[in-house]
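Hi,

Here is the structure I said I'd pass along.

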Amino acid sequence: MDILSLSIESAYKKEALKIPPLVLLRIKVGLLQNLIRTENELKILDDETYLRFSAQIVEISKMASGWINYMNAKPA
């Protein structure tokens, strides 16, 4: 829920205020990625579920990073 709320918050903020929630979003995605990996290592998640979740998390991380890079590249 935090990841979704941070992405929506970033979408509606003024341009100058978008980057802090996006950075927090990347941190939360990294945390989620580590939790999913740990669950797989402990055999809480089967390999197929892990791969599906992992692919989705990687895609979310790429989008957040791209958004941050886009915002940083924009002239002030």
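Let me start with a charged pair: Lys28 and Asp2 make a salt bridge, with 3.2 Å between their closest N and O atoms. Asp2 sits in helix α1 and Lys28 in helix α2, so this pair ties together parts that are 26 residues apart in sequence. Neither end is hidden away: Lys28 counts as partly exposed because its relative accessibility is 27%, and Asp2 counts as partly exposed too, at 44%. Bear in mind that this is a predicted model.

The structure has two salt bridges. Besides the pair above, Glu9 bridges to Lys13, and there the closest N and O atoms are 3.6 Å apart. Glu9 has a relative accessible area of 35%, so it is partly exposed; Lys13, at 30%, is partly exposed as well.

Setting aside neighbours within four places in sequence, the contacts of Lys18 include Tyr12, Trp67 and Met71.

Last, a bit of surface. Leu4, Ile8 and Tyr12 make up a nonpolar patch there, and together they have about 380 Å² of accessible area. Ile8 belongs to helix α1, which covers residues 2-12, and it counts as partly exposed because its relative accessibility is 42%.

Cheers

How values were computed:
Residues numbered from 1 in each chain as written. Predicted model: local features only at pLDDT ≥ 70, side-chain atom pairs only at ≥ 80, totals over all residues. Heavy atoms only, no water. Patch = residues over 30% accessible without salt bridge, like charges linked within 9 Å, V, L, I, M, F, W, Y side chains within 5 Å. Areas by Shrake-Rupley, 256 points an atom, 1.4 Å probe, with all protein chains shown as cover. Salt bridge = Lys/Arg side-chain N within 4 Å of Asp/Glu carboxyl O. Helix = DSSP H or I, 4+ residues; strand = E, 2+ residues; numbered from the N terminus. Buried < 20%, exposed > 50% of the residue type's maximum accessible area, 1.4 Å probe, protein only. Contact = heavy atoms within 4.5 Å.
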